[in-house]
Amino acid sequence: MPTSLRVALAQVNPVVGDLEGNAKLVIEAVSKAVSSEADVVVFPEMVLTGYPVEDLALRPAFQKASINRVNKLASEIKESGAGNLLIIIGYLDQDATSGTAKPNNAVALIHDGQIKGKYVKRHLPNYGVFDEFRNFAQGSGTLVARYLGVDIAVAICEDIWQEQGPVSELVKRNPGILLVPNGSPYERDKDDLRLALVRKRSKQLGAPVVYVNMH
């Protein structure tokens with residue numbers, strides 16, 4: 001089995017609340033990834049709903065619409081001829097564990113027309129422009145999925161900024177690569193800080209880290 005992956009980073013610019021328009025962006029980017037002979041396509045955090053979604057996240061109808069659309073999108077990707085790719089898509093999911101009305105900031109791992117795995121963001125920033133602690137329920141645990149012979153780990157944005165966060169737990173699972181979808185707004189002079197952080201996490205894991213933000 002192969003032990004390498006060709007990863008496409010889909011740095012698109014979704015619109016908050018536009019599930020149909022954002023799904024179209026996903027399909028278009030997946031088509032380009034197929035042309036580039038990619039194995040994996042990584043989209044930004046909450047790409048299906050747009051980000052920051054703010055209080056729209058708390059509307060049950062919007063939560064259900066997001067879940068329905070990501071499942072439909074899985075089928076559409078297969079119908080487009082890209083079912084053999086692994087697609088990482090950020091979306092809004094309903095939380096089944098917290099007992100609250102808060103949803104999850106989640107990513108779906110899509111392959112062969114189905115959602116084969118899900119990861120929920122664990123660390124919810126509540127500073128500066130971020131208001132996630134109020135709008136989302138926290139996830140737990142880590143996710144590692146084997147694809148084409150490579151153990152692929154996933155973490156979302158703030159998760160990799162925490163010293164004792166998911167990355168410290170992933171070290172024990174020895175993944176071959178870490179994929180990190182992000183939705184952070186542009187901040188001048190922060191590129192160097194992010195680069196240093198990603199290098200640190202890569203060294204910590206002993207594996208490459210793939211980091212994609214929104215356009």
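**Exercise 1.** Leaving aside its neighbours within four places in sequence, which residues is valine 180 in contact with?

*Solution.* A word on the source first: this is a predicted model, where local features need pLDDT of at least 70, side-chain atom pairs count only at pLDDT 80 or more, and totals for chains, interfaces and linings use all residues. Residues are numbered from 1 along each chain as its sequence is written, and side-chain values use heavy atoms, with hydrogens and water left out.

Step 1: find valine 180 in strand 8, residues 177-181. Helices (H or I, at least four residues) and strands (E, at least two) are DSSP runs, numbered from the N terminus.

Step 2: look for contacts, meaning heavy atoms within 4.5 Å. Valine 180 has Ala155, Ile156, Cys157, Ile160, Val209, Val210, Tyr211 and Val212 as its partners, once neighbours within four places in sequence are set aside.

Step 3: check the surface. Valine 180 is buried, as its relative accessible area is 0%. (Buried means under 20% relative accessible area, exposed over 50%, partly exposed in between, with a 1.4 Å probe and protein chains only.)

Step 4: Phenylalanine 43 is 137 residues from valine 180 in sequence, yet their C-alpha atoms are 9.2 Å apart in space.

**Exercise 2.** Which residues touch the most other members of the largest nonpolar core?

*Solution.* A nonpolar core is a set of buried Ala, Val, Leu, Ile, Met, Phe, Trp, Tyr and Cys residues joined through side-chain atoms within 4.5 Å. In soluble globular proteins, nonpolar side chains tend to be buried together.

Step 1: The largest core has 38 residues, and Val26, Val41, Phe43, Ile77, Ile87, Ile89 and Ile110 touch the most other members.

Step 2: see where the core comes from. At least two residues each are supplied by helix 1 (19-35), helix 2, strand 3 (86-94) and strand 4. Helix 2 gives the most, with seven residues.

Step 3: zoom in on isoleucine 77. Not counting residues up to four places away in sequence, isoleucine 77 touches Val26, Ile27, Val30, Ala82, Gly83, Ile87, Ile89 and Ile110.

**Exercise 3.** How many salt bridges does the count come to?

*Solution.* Step 1: set the rule. A salt bridge is a side-chain nitrogen of Lys or Arg within 4 Å of a carboxyl oxygen of Asp or Glu. The count comes to 12.

Step 1: start with aspartate 55 and arginine 134, whose side chains meet at 2.9 Å, N to O. Aspartate 55 is in the loop between strand 2 (40-42) and helix 2 (60-82), while arginine 134 is in helix 3 (residues 132-135), so you're linking distant parts of the chain, 79 residues apart. Aspartate 55 is partly exposed at 40% relative accessibility, and arginine 134 is partly exposed at 39%.

Step 2: stay with arginine 134, which also forms a salt bridge with aspartate 131 (2.4 Å, N to O). Aspartate 131 is partly exposed too, with a relative accessible area of 21%.

**Exercise 4.** Is serine 66 buried or exposed?

*Solution.* Step 1: go to helix 2, where serine 66 is found. Step 2: read off the accessibility, which is 0%, so serine 66 counts as buried. Step 3: list what serine 66 touches, not counting residues up to four places away in sequence: Leu19, Leu48, Thr49, Tyr91 and Leu92.

**Exercise 5.** Which peptide bond is cis, with omega near 0°?

*Solution.* Step 1: follow the backbone from tyrosine 51 to proline 52, and there's your cis bond. Proline 52 lies in the loop between strand 2 and helix 2.

Step 1: in that loop, find methionine 46. Phi of methionine 46 is near 55°, a positive value in a residue other than glycine. Methionine 46 is buried, at 0% relative accessible area.
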